[in-house]
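Biologist: Can you walk me through this one? I'd like to start with side chains and charges.

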Amino acid sequence: MLFALKYFLKYPFHHIRTPEARELLGLMAKFGTVPRYQPRTVSFQGVTFLVPDCMSFLFQHEEIFVGQSYRFQSKTDSPVILDCGANIGTSCLFFKKLYPKAKITAFEADPQIAKILSDNLSVNGIQGVEIVDKAVWVHDQGIEFVTEGSDGASIYGEGEKQRIESVRLKEYLQKYTSIQMLKMDIEGAEVEVFQDCADSIGHIDHIFIEYHSFPNRPQDLDVLLSILTKNGFRYFIRDAQDRPVPFINHAYKVNPSMDLQLNIFAVKK
């Protein structure tokens, strides 16, 4: 399996011996060849989740549980976490394992995925998570949206669009005097939303943003970074979609729908 090969090459041998890594290897052996978008019931990390797409789930497991991408240190044992783009609940599960008393608001725009999120948390007795089954956006008047059946639903997706409800993230940020983690994985809407929230992030300790760049739209990574800098954050950037020999392998040869994907980790100074 290509995913398994990339996994072995990515981590040193001692890292593969962690419990999370061994679990992932078992999951890859069992579910790695399941065709895309064929639901399966998957047991991992002491829970059992309905997974609508095994390949996207395996990538989530690798990033969240093996790579520990969302791990952060909190001065309180009940941190406030806003999880924008919660998908089927893997990130919520990680946060709850890290801080069982965490107060999480989980936003998921795709109606079908939001239902799976709710069921996964409920069946496994994961409490303290408020689910908002609406798109994170710059207003609450609704938005056109393309569903994908897994974790790629987007306002910039290609295909038939549907009108879904939206919420203004800025209003949620202003509800709290202190927020320990803001996670934004909203498939291309991050720049507009972050611009709208630019004067309302100073009380956040940690911010994770998955940045997406589309070939038919301007690249505006500088907008995100400028907002972080002006609000006193230090950031680290990791590529989420590599492109060997970039001058030769242009976007349309690697991923016609996206020419840059980055993970941005920001910590308040």
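Biologist: Asp 119: buried, exposed or partly exposed?

Modeller: Asp 119 has 34% relative accessibility, so it counts as partly exposed. The cut-offs are under 20% relative accessible area for buried and over 50% for exposed, with partly exposed in between (1.4 Å probe, protein chains only). This is a predicted model, where local features need pLDDT of at least 70, side-chain atom pairs need 80 or more, and totals for chains, interfaces and linings use all residues. Numbering runs from 1 along each chain as its sequence is written, and side-chain values use heavy atoms, without hydrogens or water.

Biologist: Which side chain does Asp 119 meet in a salt bridge?

Modeller: Lys 115, at 2.6 Å from N to O. A salt bridge here is a side-chain nitrogen of Lys or Arg within 4 Å of a carboxyl oxygen of Asp or Glu.

Biologist: Where do Asp 119 and Lys 115 sit?

Modeller: Both are in helix H6, residues 111-123. They are four residues apart, so about one helical turn separates them. Helices (H or I, at least four residues) and strands (E, at least two) are DSSP runs, numbered from the N terminus.

Biologist: How many salt bridges are there in the whole structure?

Modeller: The search finds nine. One of them joins Glu 165 and Lys 134, with the closest N and O atoms 3.9 Å apart. Glu 165 is in the loop between strands S8 and S9, and Lys 134 in the loop between S5 and S6, so the pair ties together parts 31 residues apart in sequence. Glu 165 is exposed at 52%, while Lys 134 is partly exposed at 26%.

Biologist: And what does Arg 163 pair with?

Modeller: Its side chain meets Glu 144 in a salt bridge, 3.6 Å from N to O. Arg 163 is in strand S8 and Glu 144 in strand S7, 19 residues apart, so this pair also links distant parts of the chain. Arg 163 is exposed at 52% relative accessible area. Glu 144 is partly exposed at 34%.

Biologist: Switching topic. How many helices and strands does the chain have?

Modeller: It has 10 helices and 13 strands.

Biologist: How much of the chain is buried?

Modeller: Of its 269 residues, 51% count as buried.

Biologist: What box do the C-alpha atoms fill?

Modeller: Roughly 50 × 45 × 40 Å, taken along the principal axes.
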